[in-house]
Amino acid sequence: MIELIDVRKRYRLRQVLKGVSFTVRKGQITCLIGVNGSGKSTILKAIMRLVPIQEGQILIDGKGRSGADLYEKVAFIPDRLTMPPGMKLSDAIRFMQDYHRRWNEARSRELMAFFRLDASERIGNLSKGMAAKFNLVLGLAQETDYVLMDEPFAGIDMFSREQISKVFTSDLMEGRGVLLTTHEIGEMEPLLDRALFLRDGVIVRDIDCERLRDEMGKSVIDVMREVYAP
Amino acid sequence: MKKITGWQAFVRLLNFEIRRFRWMLVGLMAITAVIQIGSLVTTLLTKLESRRQDRLSWNHGAQQDTEPQWTPFSFVDLVEQELLMEFTWPILIGVAVIGIYIFFIWYREWFGKDTFIYRLLMLPQPRFHIYMAKGCAIVLFTFSLVAFQIVLIPLEQWLFHIILPEEMRLPSDFSAAVRVHPVWEMLLPEAADQFVFSYGVGIISVMVAFTAILLERSFRGIGIVYGIVYAAVCAAAMLLPVGVLEMQNPDAWLYPGEILAVELTACAVVALVSLGFGYWLLNRKITV
């Protein structure tokens with residue numbers, strides 16, 4: 001379980017996170033929802049220790065982790081492809097393979113074939129959609145217990161979104177804890193187990209999506225309207 | 001699952017950094033070779049052509065009554081009297097490129113649409129390997145250029161011998177050639193302790209610059225001020241012992257050996273603090 005306890009983060013004078021607490025469980029897809037600039041990406045980066053936090057604790061399976069202990073347990077798929085543009089896709093895969101003990105080569109080949117990516121292509125030449133798909137390859141071919149995804153659908157076409165959505169229902173996500181941020185709630189709603197609503201630097205609602213649908217007859221978008229409507 | 005050791009991971013990162021600057025290094029080597037060899041060859045050919053013209057005029061009984069004289073000279077004489085600037089420019093270009101590269105090696109990971117720093121910081125190995133790989137890459141870059149210059153000097157001497165007939169030149173050896181050029185002398189000090197001191201100070205300066213860059217990358221706006229202040233404090237710590245204690249002054253408070261010990265201690269402290277501070281920033285404060 002990923003556990004955030006009273007996490008506070010300030011960018012200069014602006015307090016972005018004012019005591020965020022929530023958990024992400026294995027085998028569940030949890031969506032972190034919030035308006036632009038609310039601190040969703042900051043939370044993901046803080047979990048990955050890519051930005052420092054001022055206060056609070058972030059525990060992975062009960063322990064504060066860093067280095068190999070963290071990066072072999074949690075994979076992060078940022079909102080952009082984080083490899084040098086001059087690199088070929090095959091070189092980028094080689095790079096990951098070289099350093100990540102839990103890199104699954106067969107899975108990376110499978111994903112490359114599924115997304116119809118050409119390994120000889122250079123990263124700088126990829127379209128936005130192709131780059132998003134390759135980003136998923138780099139994140140999902142790591143056999144980690146948790147996967148964090150920052151806006152996996154941002155700015156990509158409908159067909160690519162459908163292809164990426166299929167990944168969430170595949171065995172690639174089986175047993176993993178997934179925490180993602182997205183503005184494309186409609187696409188993802190049927191797949192979500194939990195939704196966390198971030199507003200003014202704190203989690204204001206933590207809902208079980210199945211119960212919301214079955215017992216209250218509401219959708220996540222309905223709750224979004226309640227939380228964020230002016 | 002395969003397991004790579006920390007050492008292997010570091011060597012792979014270093015290899016990765018070397019691959020990233022290899023074309024820049026090849027370009028600088030090419031510039032050095034073209035400018036130095038080109039200026040040497042053209043100067044010698046011009047001199048020989050001018051000599052040929054003078055002799056032709058003399059043979060045709062023109063202005064002069066006496067046969068034009070050729071004063072033999074050595075490779076060292078030629079470099080000292082005519083090619084000092086031509087041989088200096090490529091080295092200065094190399095120094096400037098390395099100076100810029102010390103910053104570029106870090107900043108390129110953040111800038112552009114594909115920010116590689118995410119991937120580097122998320123490698124399952126100590127983050128300090130990134131610092132060390134970049135530092136070693138700069139050192140290797142520098143020594144590769146110096147080594148190339150060392151190879152180039154005998155090659156240039158050989159060309160000098162090939163172009164100029166024996167009776168028209170004087171002998172000169174490698175060390176005389178190095179001593180005659182102030183920049184070569186600086187790059188290749190004769191004494192081993194001077195070599196260690198010069199390059200040691202250079203390496204410590206790179207560490208200070210890296211730490212200043214990491215301060216800026218961690219604290220952004222105000223980090224520029226922190227970085228400049230840190231670099232200034234380190235520079236003062238390294239320069240003050242020699243400056244204030246006046247090593248050359250016979251009436252100085254301390255003996256030269258003692259001043260040197262103070263200086264070496266100051267350098268060691270700056271190096272250790274920079275490494276420790278860089279380690280802490282990379283692990284605790286860095287921001288993507």
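Okay, let's start with a term: buried area is the accessible area that two parts lose on being put together, summed over both. Keep that in mind, and keep in mind too that what we're looking at is a predicted model.

So, the interface. Chain B and chain A bury about 2800 Å² between them, and 58% of that is on carbon and sulfur atoms. Who on the chain B side loses the most area to chain A? That would be R119(B), M122(B) and P124(B), which together make up 25% of what that side buries. As for who takes part, the contact draws on 30 residues from chain B and 31 residues from chain A.

The partners are D98(A) and R12(B), whose side chains meet at 3.6 Å, N to O. If you want to know which helices of chain B are involved, α1 (6-59), α4 (117-121), α8 and α9 each give at least two residues to the side that touches chain A. The largest share of that side comes from α1(B), with five residues.

Searching the whole structure turns up 29 aromatic pairs over all chains. Take Y131(B) and F210(B) as one of them: the ring centres are 5.5 Å apart and the planes sit at 90°, so we call this pair edge-to-face. Y131(B) is in helix α5 (residues 128-163) of chain B and F210(B) is in helix α8 (residues 192-245) of chain B, so this pair ties together parts that are 79 residues apart in sequence. Buried or exposed? Y131(B) has 2% relative accessibility, so it counts as buried. F210(B) is buried as well, with a relative accessible area of 1%.

Next pair: Y230(B) and F277(B), edge-to-face, 5.5 Å centre to centre with 65° between the planes. Y230(B) belongs to helix α8 of chain B, and F277(B) to helix α9 (residues 256-285) of chain B, so here the parts being tied together are 47 residues apart in sequence. Y230(B) is buried, at a relative accessible area of 11%.

Together with W106(B), F128(B) and Y279(B), they form one aromatic cluster.

The charged end of R217(B) sits over the ring of W110(B), 5.2 Å from its centre. And K47(B) lies over the face of F73(B), at 5.3 Å from the ring centre.

Last stop, T211(B), which you'll find in helix α8 of chain B. T211(B) is at 0% relative accessibility, so it counts as buried. What does T211(B) touch, leaving out residues up to four places away in sequence? The list is Y131(B), Y230(B), S274(B), F277(B), G278(B) and L281(B). So you'll spot Y131(B), Y230(B) and F277(B) from our ring pairs in there. With S274(B), a polar atom of the T211(B) side chain lies 3.0 Å from the backbone oxygen of S274(B).

That's my tour, thanks!

Conventions. Residues are numbered from 1 along each chain as its sequence is written. Chains are lettered from A and ligands numbered from 1 in the order in which they are written. This is a predicted model: local features need pLDDT of at least 70, side-chain atom pairs count only at pLDDT 80 or more; totals for chains, interfaces and linings use all residues. Side-chain values use heavy atoms; hydrogens and water are left out. Rings of Phe, Tyr and Trp (its six-membered ring) pair if their centres lie within 6.5 Å; planes under 30 degrees apart count as stacked, over 60 as edge-to-face and the rest as tilted. Helices (H or I, at least four residues) and strands (E, at least two) are DSSP runs, numbered from the N terminus. Buried means under 20% relative accessible area, exposed over 50%, partly exposed in between (1.4 Å probe, protein chains only). A charge sits over a ring if NZ of Lys or CZ of Arg is within 6 Å of the ring centre and within 35 degrees of the ring normal. Contact means heavy atoms within 4.5 Å. Buried area is the accessible area (1.4 Å probe) that two parts lose on being put together, summed over both. A salt bridge is a side-chain nitrogen of Lys or Arg within 4 Å of a carboxyl oxygen of Asp or Glu. A polar contact is a pair of N or O atoms within 3.5 Å; within protein, one must be able to donate a hydrogen and the other to accept it, and residues adjacent in sequence count only if both atoms are side-chain atoms.
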